[in-house]
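Hi everyone, thanks for making time this morning. Let me put the structure up, and then we can walk through it together.

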Number of protein chains: 2
Amino acid sequence: MALAIKVNEETFTPRQQAVLTAALDLLVENGDGLTMTAVARRASCSKETLYKWFGDRDGLLTATVQWQAAKVRMPYVDRTHLNIKALRTSLEQFARDLLMTLIGEVSITLNRTAITHAAQEKDDLGNIVLENGPLAIRRRLKPILEAARDARLLRFSSSEDAYRTFFGLVVRDVQIRLLLGDKALTQSNVEANVEADVKTATDQFLALYGAKANP
Amino acid sequence: MALAIKVNEETFTPRQQAVLTAALDLLVENGDGLTMTAVARRASCSKETLYKWFGDRDGLLTATVQWQAAKVRMPYVDRTHLNIKALRTSLEQFARDLLMTLIGEVSITLNRTAITHAAQEKDDLGNIVLENGPLAIRRRLKPILEAARDARLLRFSSSEDAYRTFFGLVVRDVQIRLLLGDKALTQSNVEANVEADVKTATDQFLALYGAKANP
DNA sequence: CTGCAACCGTACCGTACGGTACGCCATCCG
DNA sequence: CGGATGGCGTACCGTACGGTACGGTTGCAG
């Protein structure tokens, strides 16, 4: 994963990370009303330093999103001992991780910021979030799906389609509703149902792609 | 709720609709860089008129989104002659409509604008888009699902869950990727696959919830 | 014709914010 | 101790944009 390397090389000093934390906090609190002055004040640094370190406002925004998005961790899955039980556990793990991540305030903020950014010609942030979100999941999940197919646990013609179906079954309309600020979907509300949703999504996925169910 | 009523009563004169069209065009072209001056120039009207008609920038934005979002039309479905074939056709119709709508530039723009708006404390636009998007679909689809259940064509315990599964199977990761500006997902690219995706999603939904498949 | 209302075009104001400049202090090195 | 570097705080500049004011024009009613 080229991006992870890039992120790792782009190493920020602790002081810089403090600044990025301040920026992220402001982003989460204040929506995208992120001003350089506010970040400087929050981080107790001068604007001049911000510009020196990050170039301009976009640079600061990009650094913040990049740094934060890279923190998303995918679950590790042992591909060597794949049986139906292990597969189910792995899928549930992925589903749980995906759901828990994208209902978090940080994820919502990052996605909103990136989408706002993409509304202009700029697609930097969009790509960063994509790369560390949906596409990262895809990269991690696909090999497992394919391994499961090789082990005759799953059946599908396109692992791409299988992945996307899994994504859809897990996420459903939760993300878009959260992004749009649906007040009927409080975070705690959703969080309480994560386990049930994870189980349902996994069951449904296995019903659709499990070897037995898909002759 | 007050909002839906407001939409129906809030009837715009042709001149006002021309202004809203100009605003929407600018929104689509220019991202959310919508300025009052630009709208006035595009619509050949004075800023004073804009403020007189719409109050302030937010009012104009709200009117634009409201007016446009209300144009989304749901397919009509005959609930009285439900058999498995009619149900499948209806579901495909819904899926096609949903997909075609949300991959359109207008929908993407509206959603982006609403999400940007929701990033601030404001959730006006978010609710409008929600109300005319996902929630409108839900309102239309749920009765059909329940009728199909009554006709023993579908089996599920919660029509809410069934609806959300359908949504997930149809939309998958398409919307979020488009909103984030994924360059790998051109509109024509997606559009070409709509029919296949519609069929797949419907098949999968019926496999999960069809009476035969779900004993 | 006259008055009036609506509306266009434009000039104008105030503010917020991105970006820069500068003075001051702390730490470090010779 | 003295110069230099890095960084804080603040003041400042320019611009873009939301919002207002005003003069000019059209169309209509009496």
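The surface near DNA strand D divides into four nonpolar, seven polar and six charged residues. Here, near means that the C-beta atom, placed from the backbone, lies within 6 Å of the strand. For the classes, Ala, Val, Leu, Ile, Met, Phe, Trp, Tyr, Cys and Pro count as nonpolar, Asp, Glu, Lys and Arg as charged, and the others, Gly among them, as polar.

Please remember that this is a predicted model: local features need pLDDT of at least 70, side-chain atom pairs count only at pLDDT 80 or more, and totals for chains, interfaces and linings use all residues. Residues are numbered from 1 along each chain as its sequence is written, while chains are lettered from A and ligands numbered from 1 in the order in which they are written.

Which residues come nearest to DNA strand D? Of the 17 around it, they are Cys45(A), Ser46(A), Thr49(A), Thr35(B) and Asp56(B).

Now to the two protein copies. Chain A can be laid on chain B with an RMSD of 0.1 Å by a turn of 180° and a shift of 0.0 Å along the axis, superposing by least squares on C-alpha atoms of residues with pLDDT of at least 70 in both. The copies are thus related as by a two-fold rotation axis. Gly168(A) is the residue of chain A that comes closest to that axis, its C-alpha being at 2.1 Å.

Finally, the contact takes 34 residues from chain A and 35 residues from chain B, where contact means C-beta atoms, placed from the backbone, within 7 Å. On the side of chain A, these divide into 15 nonpolar, 10 polar and nine charged.

Methods
Two residues are in contact if their C-beta atoms, placed from the backbone, lie within 7 Å.
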